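The following note sets out points for a colleague who is about to examine this model. Please read the points beside the sequence and the coordinates.

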Amino acid sequence: MSSSYDVIVIGAGPAGYVAAIRAAQLGMNTLCVDNWLTRGDEKPSLGGTCLNAGCIPSKALLESSELYERAQHEFASHGLSFDKVDLDIAKMQKRKAGVVSELTGGIASLFKANGVESMAGTGQVVDSGKVRVTGHDGKEQDLEAKHVIVATGSVPVELDIAPFDNEYILDSWGALDMAEVPEKLGVIGAGYIGVELGSVWSRLGAEVKILEAVDEFMPIADRDVAKEALKTFRKQGLNVELSARVTAARVEDDKVVVEYTKDDETHTETFDKLVVAVGRRPNTKNICAKDARVELDDKGFIDVDDAYRTSLPGVYAVGDVIGNPMLAHKGMEEGTIVAELLDGQKPHMNYDAIPSVVYTAPELAWVGKSEAQIKAAGIDYRVGQIPFASNGRAKAMAHQGGFVKMIADANTDEILGVHMIGPYVSEMVQEIVVAMEYKAASEDIARIVHGHPTLGEAVHEAALAVDGRPIHFPPKKKKKQ
Ligand code: NAD
């Protein structure tokens with residue numbers, strides 16, 4: 001093992017492992033250092049939060065729990081009946097663990113295939129071009145590199161009033177690893193994690209209550225989508241309490257007692273487990289030695305310029321650690337770009353066309369600006385909105401809830417934002433990302449042939465509806481002049 005590299009990447013999450021692979025592809029002698037240890041067996045594992053304790057395991061459980069829910073409540077309408085559907089949580093968790101280990105092992109293989117050297121341990125930037133790695137056995141090594149890329153991600157925000165013990169008060173990782181379905185599950189925060197994991201355990205039979213401090217549901221989503229989502233989730237049995245600020249949580253007699261205020265009144269509720277999902281913060285603790293001048297911004301993210309350079313020459317940062325949106329796909333793209341910049345290329349990333357997805361059932365997905373943002377910017381716009389109830393494929397699948405809403409500039413017809421709630425909209429949103437990257441007009445989508453019968457036809461119809469001419473849904477009546 002060498003002690004000098006072209007590139008050392010600290011962190012093997014989506015931003016870091018992609019940066020390392022791309023740098024190696026471009027001929028740079030690359031080392032990726034990562035300190036992740038799996039809870040329980042304490043084994044090193046590549047892939048960061050996304051693969052080990054976030055996106056991937058949560059999607060595995062979302063899939064399993066959705067099948068369980070559908071087997072109980074939907075299959076009969078297809079003429080499929082069972083005496084009883086058994087739930088084997090241990091098996092479900094084992095499948096999830098298998099998916100995770102295949103994918104994390106896959107990164108190790110990709111590192112090998114691309115010639116990336118991998119080291120288990122904690123990397124610390126000591127100075128320009130200098131990294132100290134402390135192994136899990138405590139041994140230190142001083143390494144050198146022409147370029148250092150910090151991709152240390154983010155960690156769950158811990159509330160002083162409800163510190164994690166991961167037995168009763170769980171972080172998002174703990175919430176994925178429960179061995180039994182709790183009878184009553186409390187969740188603090190109705191953000192991405194709260195609604196996704198709340199849905200999982202609710203479908204598996206828990207009585208779930210989500211306590212959300214603000215009075216709006218999912219303020220980052222378009223209001224129409226958020227309204228429809230809240231209505232649907234409540235119908236599914238998720239008890240979402242808005243304007244409910246948790247002020248205390250304590251463990252008593254194998255339960256968690258939670259106090260929250262709503263409308264100036266204090267309420268007390270007891271749960272078997274409590275999940276705290278109130279956001280994530282950048283992971284910068286001890287990442288840089290005291291004398292290494294890597295500046296942070298006022299929110300604690302590593303401050304970078306538009307070429308991902310930190311204030312310390314030769315040190316770069318990408319992914320969650322440099323700021324929002326904290327999304328794996330944003331980090332991956334930044335990882336690619338930083339490596340290409342080091343190679344002297346001139347890559348570009350469009351931060352206005354990053355898709356967002358909430359993996360509930362129905363899913364929520366959007367890209368571009370919400371109607372409220374467009375209104376606030378004073379832009380004249382037109383909206384086309386088409387419900388999945390008018391889509392043949394959705395009907396055949398018995399997934400008729402939700403809609404596609406397209407917003408276009410009233411003067412230029414350029415698509416400004418598309419907001420969807422419905423089946424597989426996580427896949428459908430990509431059509432719009434491509435369209436927006438090419439500055440497409442709604443008319444462009446309206447003129448493109450969409451396969452039939454597909455869910456994507458709802459996008460086509462929404463584009464037609466922007467111009468008041470949908471075919472498979474009645475057009476809005478024109479107001480008389
Ligand atoms: P979030 O920021 O999405 O939501 C946190 C919510 O907690 C907010 O609505 C906030 O108002 C509420 N809250 C804060 N303090 C509270 C209190 N004391 N009482 C009640 N409510 C309180 O955070 P998250 O759900 O923890 O997700 C963290 C990050 O992970 C996000 O930035 C997200 O981008 C990422 N993530 C993305 C996905 C996805 O892309 N599908 C999935 C999971 C996580």
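1. Domain layout. The chain is divided into domain 1 (4-155 + 281-349), domain 2 (169-278) and domain 3 (353-466); these bounds come from an automatic or database domain assignment. The model is a predicted one, in which local features need pLDDT of at least 70 and side-chain atom pairs count only at pLDDT 80 or more, while totals for chains, interfaces and linings use all residues. Residues are numbered from 1 along each chain as its sequence is written, and side-chain values use heavy atoms, with hydrogens and water left out.

2. Domain 1 against domain 2. Taken over C-alpha atoms, the centres of domain 1 and domain 2 are separated by 27 Å. To their contact (heavy atoms within 4.5 Å), domain 1 brings 23 residues and domain 2 brings 16 residues.

3. Area of that interface. The size of an interface is often given as the accessible area lost when the parts come together. Between domain 1 and domain 2 the buried area is about 1600 Å², and carbon and sulfur atoms give 63% of it; the term denotes the accessible area (1.4 Å probe) that two parts lose on being put together, summed over both. Arg39, Leu62 and Ile89 supply 33% of the area that domain 1 buries against domain 2, more than any other three residues.

4. The shell around the ligand. Of the 21 residues around the ligand, those that come nearest are Ile193, Glu196, Glu212, Gly279 and Val357; a residue counts as near if one of its heavy atoms lies within 4 Å. By class, the shell has 14 nonpolar, three polar and four charged residues; here Ala, Val, Leu, Ile, Met, Phe, Trp, Tyr, Cys and Pro are nonpolar, Asp, Glu, Lys and Arg are charged, and the others, Gly among them, are polar. Helix H6 (192-203) and strand S12 (245-252) each supply at least two shell residues, and H6 gives the most, with three residues. Helices (H or I, at least four residues) and strands (E, at least two) are DSSP runs, numbered from the N terminus.

5. Polar atoms at the ligand. A polar side-chain atom of Glu196 lies 2.8 Å from a ligand nitrogen atom, and one of Glu212 lies 2.6 Å from a ligand oxygen atom.

6. Backbone geometry. Most residues other than glycine have a negative phi, and most peptide bonds are trans. Ala361 and Pro362 are joined by a cis peptide bond, with omega about 5°, and Pro362 is in the loop between strand S18 (356-358) and strand S19 (363-368). A cis peptide bond also joins His452 and Pro453, with omega about -5°. Asn286, although not a glycine, has a positive phi of about 60°.

How values were computed: A polar contact is a pair of N or O atoms within 3.5 Å; within protein, one must be able to donate a hydrogen and the other to accept it, and residues adjacent in sequence count only if both atoms are side-chain atoms.
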